[in-house]
Amino acid sequence: MAEITLRVNGVERSLSLDTRVSLLDLLREHLGLTGSKKGCDHGQCGACTVLIDGRRANACLALAVACDGLEITTVEGLADGEELHPLQAAFVECDAFQCGYCTPGQLCSAAGMLREPGPSAVTGDLTEDPALTAEEIRERMSGNLCRCGAYVNIVAAVHRVAAERAREVAGR
Amino acid sequence: MSTIGGMRRVEGREKVTGRATYAFEYAVEGAAYGHPVQAPIARGRITTIDAEAALAVPGVLAVVSSADPPPLGSVEDPELAVFQSPQVAYHGQVVAVVVAETAEIAREAAETALRIEYQAEPHDVVLRPDHPRLYAPERVNPAFPGRTEKGDVEAGLADAAYTVDQTYTTPALHNNPMEPHAAIAAWEPDGSLTVYDSTQGATAHRDTIAAVLGLRQDQVRVISRHVGGGFGSKGTPRPHVIVAAVAARAAGRPVKVALTRQQMYDMTGYRTPTIQRVRLGADEDGRLTAIDHDAVEQSSTLKEFAEQTTTPTRVMYAAPALRTTHHLVRLDVPTPSWMRAPGECPGMFALESAMDELAEAAGIDPVELRVLNEPAAEPESGRPFSSRNLVACLREGARRFGWDRRDPRPGVRREGRWLVGTGVACSTYPAYRRPSSATAVAEDGGYVVRVAAADIGTGARTVLTQIAAEALNTSPDRVRVEIGDSDLPRASLAGGSMGTASWGTAVVRACEALLKNGGQEGRADTSEEVAAGSAFARHAFGAQFAEVRVDADTGEVRVPRLLGVFAAGRIVNPVLARSQFIGGMTMGLGMALMEESFVDPRFGDFLNHDLAQYHVAACADVQDVEAVWIDEEDPYLNPMGSKGIGEIGIVGTAAAIANAVYHATGRRVRDLPITPARLLS
Amino acid sequence: MREFEYARARDGREAVALCEPGARYLGGGTNLVDLMRLGVETPARLVDVSRLPYDRIEAAPSGGGARIGAAVRNSDLAAHPVIRRRYPMLARAVLSGGSGQVRNMATVGGNLLQRTRCPYFQDVSKPCNKRHPGDGCPAIEGDHRNLAIIGHSDACVATHPSDMAVALAALDARVHVIGPGGERVVPMPGLHRLPGAEPGRDTVLEPGELITAIELPAPPPGRSVYRKVRERASFAFALVSVAALLGVDSAGVVRHCKIALGGVAHVPWRAARAEGALLGRTAGPDAYAAAADAELALARPLPRNAYKVTLARNLIVATLTELAP
Ligand SMILES: Cc1cc2nc3c(=O)[nH]c(=O)nc-3n(C[C@H](O)[C@H](O)[C@H](O)COP(=O)(O)OP(=O)(O)OC[C@H]3O[C@@H](n4cnc5c(N)ncnc54)[C@H](O)[C@@H]3O)c2cc1C
Ligand code: SF4
Ligand code: FES
Ligand code: FES
């Protein structure tokens with residue numbers, strides 16, 4: 001057993017836990033935050049993606065004890081009250097999901113990805129931060145499998161938000 | 001009926017905020033965790049079960065196994081006869097469950113403290129075309145004849161100017177819905193049972209669970225509001241549901257069971273591998289003189305599941321001689337089951353690859369070859385089609401795809417590293433309907449429609465809302481549709497692409513009854529209407545086009561473009577329909593290029609049982625995938641005029657890609673998936 | 001997963017002291033937690049080294065080398081301006097591995113020590129010499145399509161899965177470790193070992209040794225690249241990969257050449273014969289083919305992975321041709 005304290009969606013939580021509990025099971029089974037999904041429990045599907053200190057990560061491979069003191073954001077923490085996060089709104093509008101099981105992971109992954117400016121495996125010139133083209137988005141979102149095959153719409157939704165952000169930045 | 005347009009999913013907000021609740025996520029008071037234990041041998045017998053050490057682990061509540069078989073009722077599906085016998089029928093069969101306070105304790109005790117010994121017997125898990133125990137099944141899934149024959153096939157082949165005689169294989173494939181199969185079972189003090197389940201049909205699951213547990217149907221309630229995909233694998237209850245129920249009884253507590261991804265490979269069904277021989281004959285002009293299509297496939301020793309692999313060939317092309325056959329062997333393997341477009345999907349890979357080979361042999365454009373062999377009536381039965389717009393799909397697809405600019409020669413286009421090619425294949429899927437019932441009630445200034453339908457991602461909840469609104473002549477926001485609960489009016493499965501047709505008919509009839517009865521309440525049961533059947537052959541059709549690039553050095557295949565043009569009756573919601581089509585095409589891309597469940601014959605289970613080894617298409621694989629459709633009015637279907645759309649998208653994709661790979665490289669790959677290893681050797 | 005104790009070390013010395021027999025270091029956990037859940041790894045204690053002060057990348061002034069802390073996350077390594085500019089092969093190798101999420105979690109030290117993806121190794125219901133010496137190696141007669149073609153033994157035919165390690169092997173990286181016996185530096189290649197009769201040992205590290213940093217010498221002049229072949233376009237391990245650097249002088253003669261292969265051996269395979277065959281020769285497809293053949297003369301493919309020999313050959317030639325046509 002271990003004592004840990006972490007912040008989840010802005011709320012501080014202190015628990016006494018079996019060291020074997022993953023961050024994902026902590027959220028789903030101990031805190032009742034079932035928005036984060038378990039698709040594989042081995043880092044292979046992305047359904048469990050959350051933001052740890054603002055960076056996307058697979059909650060199934062993070063031990064809860066190792067997250068002591070860290071800040072976790074889950075899909076439940078993306079919206080601002082009733083106001084959907086732009087990614088959430090774009091997912092609804094673009095029909096970027098079917099069964100919805102991969103969706104929380106896709107959303108957290110996309111939210112984290114939009115803050116990762118560096119190159120990806122498909123970037124031509126490594127020294128520049130590339131624009132988020134559809135090709136870049138596809139590569140960067142490949143850690144989130146969608147068996148329903150909603151990728152085309154997921155990319156459209158993420159692209160839409162990325163383009164809005166880019167316009168805002170350019171406008172500033 | 002008018003087209004209602006692209007209403008977005010009614011549960012969209014719940015799904016993007018994480019509030020949509022899936023089976024394992026119901027907050028059931030006092031629930032314990034069950035971890036299923038699987039047999040590590042492919043055939044044999046359990047000789048000893050020693051649960052003492054497991055029960056001594058702090059936190060462990062119960063162990064259930066065949067050492068003390070839990071009483072069951074009448075079990076039609078032997079896969080559900082859990083813990084009844086010490087016999088092991090396949091590697092990975094469930095042999096025990098450990099229940100504990102936490103998931104961590106249950107799993108660890110199951111894997112290390114529970115001692116089970118086995119007497120292994122020699123096993124046979126390899127499908128071979130010359131297997132001595134092959135037999136011809138009487139019926140294939142669900143109830144088609146195993147064999148059909150019309151005309152003189154051998155004579156037709158002998159007379160042909162051009163022939164194709166090739167063998168195509170498809171590997172075992174796994175549905176792999178993103179949500180692993182899970183159930184929470186909670187017994188009530190009165191002996192009734194509530195199951196939170198992930199199912200494609202709450203009514204049918206309820207009926208089966210009740211029968212297996214020896215309960216009355218009204219003693220079991222199955223709740224399954226959101227389902228994280230199924231693709232057929234959640235169409236029948238899987239062993240873990242029964243395991244959860246008997247574990248909960250043993251523990252005296254509600255029990256949650258979620259299969260691990262690895263366990264799903266053994267316990268939730270899969271698509272049988274197939275070995276298919278297709279023989280085609282055509283005259284000088286390219287008109288088919290004979291079609292012969294045989295499929296060799298497997299089932300378990302527990303029960304016969306015979307995939308209807310060659311049935312699409314009974315529907316596709318005009319030929320004076322047509323024979324379709326199936327051969328099955330019962331092996332020491334888990335029972336195969338439904339996976340998106342069972343039958344059509346692997347069958348059309350073979351038939352449509354062979355048609356491409358015939359086009360090449362006869363020097364005819366592959367689109368034209370298909371147009372040339374368009375039948376006037378359903379080839380096998382002679383029944384008229386209620387509607388068939390395959391030619392229109394081919395023509396429209398060819399136009400959109402730029403097919404007329406295609407140079408037919410294989411292996412001649414190169415852009416840098418890449419060899420480029422295009423291919424076409426057709427798809428078909430039957431338009432089924434099953435009896436369902438529904439109620440419509442005026443409530444709170446709007447309407448509530450109730451039907452035990454399932455939304456596994458198809459958009460059923462949304463489409464039924466639209467259908468009801470239209471029948472009631474009101475706007476969709478005044479209609480609430482309740483589904484996913486066996487306490488609702490009984491309904492058929494989400495499967496066979498027949499959900500909308502089946503439930504929609506019941507919803508329309510219930511709404512009509514409500515309007516007739518003075519606007520308060522209406523009920524409908526479509527058993528009679530559906531049983532009346534039809535004199536028509538009813539199928540959806542499609543034409544699928546693919547562009548591929550093959551790295552000349554490495555054999556990597558990428559798919560820059562996929563286009564599907566479908567004729568599937570009236571499309572109720574274009575946004576959701578497009579998602580269904582492209583979703584199927586995306587799965588087809590995975591089937592073409594990477595999906596394969598591999599068995600090491602010495603062990604007998606699926607070796608690559610996770611998502612890092614069994615690859616499904618990732619985001620980077622899916623580039624420009626587009627689906628469009630032909631406006632099709634068909635009065636002979638159902639009140640909506642709709643055909644199913646959930647499965648047809650996958651049907652022609654693999655063949656279209658394989659044909660494009662041939663066009664790009666000159667290499668004909670007849671064994672899926674088309675990997676670098678295959679292209680380089 | 002077995003029960004274990006969790007401890008977080010404040011510095012390297014403390015980590016080494018905490019890492020008693022039966023204990024393991026925990027980096028990002030993306031491989032260790034994975035294998036613990038499968039029952040493959042059963043440590044009694046985890047010593048969390050992910051928050052040790054080894055989280056910096058220090059670059060010497062232009063023209064010099066770089067030192068990468070072992071706790072640097074894979075994504076930070078690939079995003080670092082100096083790495084992108086000076087060692088593009090390394091940035092590309094790292095970016096081609098795993099997913100955005102995995103790279104955010106994975107540390108440099110953990111990446112080097114990740115274990116094979118051999119399907120039998122990952123499934124405790126199967127025998128495996130690497131898990132249990134003496135069990136036998138079912139992969140030799142079984143599914144070895146993704147396993148080794150070079151340097152394997154009768155005891156084990158597994159491959160090392162890391163992409164990053166392939167680039168590091170090509171770049172002559174030096175791995176700094178501290179352990180109960182003090183500090184030492186292990187050169188790459190040389191950290192990983194061929195299976196021989198002891199497939200249980202992936203590397204030359206002693207139990208309890210902790211990786212603290214990777215030191216990269218200044219990159220030799222030339223163009224470099226990393227190419228990875230896989231059937232899925234992303235989020236898949238390599239079938240075969242190649243890290244290559246080629247420096248060609250104005251007369252077209254190869255002056256610098258570094259080649260390493262992934263997916264072919266129990267170690268990131270430094271293609272020394274190919275390099276030897278190219279240095280001092282005129283660059284061009286024929287020379288590349290001869291170099292590839294010189295290296296792959298060592299290959300002993302298994303019945304179901306002979307395609308990898310063709311693939312490796314084609315990939316070497318294509319990659320070098322891309323660098324200097
Ligand atoms: C789905 C998936 C796909 C992947 N795909 C790829 C891929 O395509 N290419 C690729 O290269 N990798 C891939 N990976 C592997 C990934 O890169 C590794 O898991 C990761 O780099 C390991 O780093 P870590 O910090 O998480 O290590 P951990 O899991 O924490 O540790 C791994 C091992 O290293 C030891 N260790 C950790 N840190 C130290 C240290 N400082 N000193 C000594 N020992 C230490 C641990 O004890 C353990 O034995 C994939 C992983 C997953 C889950
Ligand atoms: S190849 Fe190595 S890791 Fe794989 S089964 Fe054989 S001994 Fe084990
Ligand atoms: S559940 Fe974590 S990646 Fe699949
Ligand atoms: S929406 Fe079903 S898996 Fe993505």
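Me: When do two strands count as paired in this predicted model, and what makes β3(A) and strand β5 (residues 71-73) of chain A a pair?

Reply: Two strands pair if DSSP finds at least two bridges between them. β3(A) and β5(A) have two bridges, in the antiparallel sense, so they meet the definition of a pair. In this pairing, I52(A) has I72(A) as its bridge partner.

Me: What makes β3(A) and strand β4 (residues 55-58) of chain A a pair?

Reply: Four bridges join β3(A) to β4(A), and the definition asks for at least two, so they pair. The two strands run antiparallel, and T49(A) is bridged to N58(A). They form a hairpin with two residues between them, and D53(A) in the turn has a positive phi of about 50°.

Me: Which residues of β3(A) point one way, and which the other?

Reply: T49(A) and L51(A) point one way, V50(A) and I52(A) the other. All are buried, which means under 20% relative accessible area.

Me: Why is the site of ligand 1 called shared between chains?

Reply: The residues that surround ligand 1 come from chains A and C, so the site is shared. Among the 34 residues around the ligand, those that come nearest are R24(C), Y25(C), G28(C), T30(C) and T107(C).

Me: What makes the approach of D163(C) to ligand 1 a polar contact?

Reply: A polar side-chain atom of D163(C) lies 2.7 Å from a nitrogen atom of ligand 1. The cut-off for a pair of N or O atoms is 3.5 Å, so this is a polar contact. The protein buries 97% of the 970 Å² that ligand 1 exposes when taken alone.

Methods:
Residues are numbered from 1 along each chain as its sequence is written. Chains are lettered from A and ligands numbered from 1 in the order in which they are written. This is a predicted model: local features need pLDDT of at least 70, side-chain atom pairs count only at pLDDT 80 or more; totals for chains, interfaces and linings use all residues. Side-chain values use heavy atoms; hydrogens and water are left out. A residue is near a molecule or strand if one of its heavy atoms lies within 4 Å of it. A polar contact is a pair of N or O atoms within 3.5 Å; within protein, one must be able to donate a hydrogen and the other to accept it, and residues adjacent in sequence count only if both atoms are side-chain atoms. Accessible areas come from the Shrake-Rupley method with a 1.4 Å probe; for residues, only the protein chains shown count as cover. Buried means under 20% relative accessible area, exposed over 50%, partly exposed in between (1.4 Å probe, protein chains only).
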